[in-house]
Protein chains: 2
Amino acid sequence: MSLEAIVFDAYGTLYDVHSVQQRCDAFFPGNGAQLSRLWRAKQLEYTWQRSLMRRYLPFSAVTREALAYACEALALQLTPERMEALMGEYLMLSTYPDVAQAMKRLQGRKLAILSNGSPDMLEPLVAHSGLELDAVLSVDEAKVFKPAPEVYEIAVRKLQVKKENIGFVSSNCWDALGAGAYGFASFWVNRAGQPLDRLGVQPRQVVASLHEILL
Amino acid sequence: MSLEAIVFDAYGTLYDVHSVQQRCDAFFPGNGAQLSRLWRAKQLEYTWQRSLMRRYLPFSAVTREALAYACEALALQLTPERMEALMGEYLMLSTYPDVAQAMKRLQGRKLAILSNGSPDMLEPLVAHSGLELDAVLSVDEAKVFKPAPEVYEIAVRKLQVKKENIGFVSSNCWDALGAGAYGFASFWVNRAGQPLDRLGVQPRQVVASLHEILL
């Protein structure tokens, strides 16, 4: 099998969201870690719940709703200025240290992002980081979030590559497994040393960094 | 509007899962609270992820997979005996103190449970608790989990009551909101004083206990 395209998740896989946590802690000293954990957990829950309810909203809106919930739950005062500043961090995230070299090594194939992020979040982010990609794809086209198969199908349609010839790379285990269940060759980047999710599928390869991906 | 049927969520709404937490702590002293929190979080995540992946498994199987994940994540040794004992707790949960009187007050209408629980979990549980209900309904019929609209539709079909004449009661905010989005009159039992979830719908009423439900 030869992979003609490699598709990457964005947040946590190529882009490090640590700076969002730092900004949370700057606004809410001592509560930054807890706030960003709850914010992230709610953000994901809302993507799954809204998908199942057939009430899709763009990721930027879901992310704002999750932040409002998290601040209320922790009794932290979220001003409009803080909301904008925290959302703004998402537009200028750094890539992980292993990204540049891995992208170089994978050249010659089509390289793309497929993210829950809406175009209003992804486009400024990719432009700011200078990553050169053949396509930046958003679930927004399918109006449903990962891990619905309709999402992964976007890559097949847009890249014009058969699914068995697409490699999919994510640091979110359930995302890698969802892509694998759809038919991609899946790579789980287990940066944090987490257990494998029990979802009835195995990734093709589990790696600790992007350097280890075997094609 | 007059409600001809009242449909309840089971776990956390009618049945108190506290005894599961106690059993966790008996097996893993000092880790019970953390284990049961992670177990519950993963159990829900897997229901949403499997629903979106179109890889439904009965709730009993999902619950076992979530427990295996949680124990591995916390480096706790899960023997087959402990797994069976913890799963067994789900079959003999106590009802909350407000359940008996609330059920009495609501009599005259059709009363039912609609739960993520699979029949192998729900039937022994209801029998053990002695609750008298007109129907015990499981998402298993629809092969998808809450909050998918296909789930709430089961109650309409089985109870033969129009959706606008069905009241739905859940202590899980997203479940109450999912039922409301589908078209039920939704009641969120906010036992723990949590913030309202941001999912673009409002419950008909937020109550602190089943006694406060206004019909």
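Helix α4 of chain B spans residues 80–89, and its buried residues are B:Met83, B:Ala85, B:Leu86, B:Met87, B:Gly88 and B:Glu89. Buried denotes a relative accessible area under 20%, exposed over 50%, and partly exposed in between (1.4 Å probe, protein chains only).

The model is predicted, with local features requiring pLDDT of at least 70 and side-chain atom pairs counted only at pLDDT 80 or more, whereas totals for chains, interfaces and linings use all residues. Residues are numbered from 1 along each chain as its sequence is written, chains are lettered from A and ligands numbered from 1 in the order in which they are written, and side-chain values use heavy atoms, with hydrogens and water left out.

The relation between the two chains was examined next. Chain B is superposed on chain A by a rotation of 180 degrees with 0.0 Å of shift along its axis, the RMSD being 0.0 Å; the two copies are thus related as by a two-fold rotation axis. The superposition is by least squares on the C-alpha atoms of residues with pLDDT of at least 70 in both copies. B:Trp48 is the residue of chain B that comes closest to the rotation axis, its C-alpha lying at 3.0 Å.

At the interface, 35 residues of chain B are in contact with 35 residues of chain A, contact meaning heavy atoms within 4.5 Å. Because 100% of the interface residues of chain B are also interface residues in chain A, the copies meet through the same surface. The two chains bury about 3,100 Å² between them, and 61% of this area is on carbon and sulfur atoms. Buried area here is the accessible area (1.4 Å probe) that two parts lose on being put together, summed over both.

Across the interface of chain B and chain A, 6 salt bridges are found, each defined as a side-chain nitrogen of Lys or Arg within 4 Å of a carboxyl oxygen of Asp or Glu. A salt bridge is formed by B:Asp197 with A:Lys42, and its closest N and O atoms are 2.7 Å apart. On the side of chain B that touches chain A, the elements giving two or more residues are α2 (32–53), α3 (59–73), α7 (149–159) and α8 (173–182) of chain B. The largest share of that side, 9 residues, comes from α2(B). By class, the side of chain B that touches chain A has 19 nonpolar, 5 polar and 11 charged residues. In this classification Ala, Val, Leu, Ile, Met, Phe, Trp, Tyr, Cys and Pro are nonpolar, Asp, Glu, Lys and Arg are charged, and the others, Gly among them, are polar.

B:Gln194 is located in the loop between β7 (185–189) and β8 (205–207) of chain B and is partly exposed, with a relative accessible area of 41%. Apart from its neighbours within four places in sequence, B:Gln194 is in contact with A:Tyr69 and B:Trp188. Its C-alpha atom is separated by 17 Å from that of B:Leu44, 150 residues apart along the chain.

A:Lys146 is placed in the loop between β5 (135–138) and α7 (149–159) of chain A and is buried, with a relative accessible area of 1%. Its side chain is joined to that of A:Asp175 by a polar contact of 3.0 Å. Beyond its neighbours within four places in sequence, the contacts of A:Lys146 include A:Asp9, A:Trp48, A:Asn116, A:Tyr152, A:Phe168 and B:Leu52.

The peptide bond from A:Lys146 to A:Pro147 is cis, with omega near 5 degrees. In chain B, a cis peptide bond joins B:Lys146 and B:Pro147, with omega about 0 degrees. Positive phi values occur at two non-glycine residues of chain B. Phi of B:Arg54 is about 60 degrees; B:Arg54 lies in the loop between α2 and α3 of chain B and is exposed, at a relative accessible area of 55%. Phi of B:Lys143 is near 55 degrees; B:Lys143 belongs to the loop between β5 and α7 of chain B and is partly exposed, at 48% relative accessibility.

Definitions and conventions:
Helix = DSSP H or I, 4+ residues; strand = E, 2+ residues; numbered from the N terminus. Polar contact = N/O pair within 3.5 Å; in protein donor to acceptor, adjacent residues only side chain to side chain.
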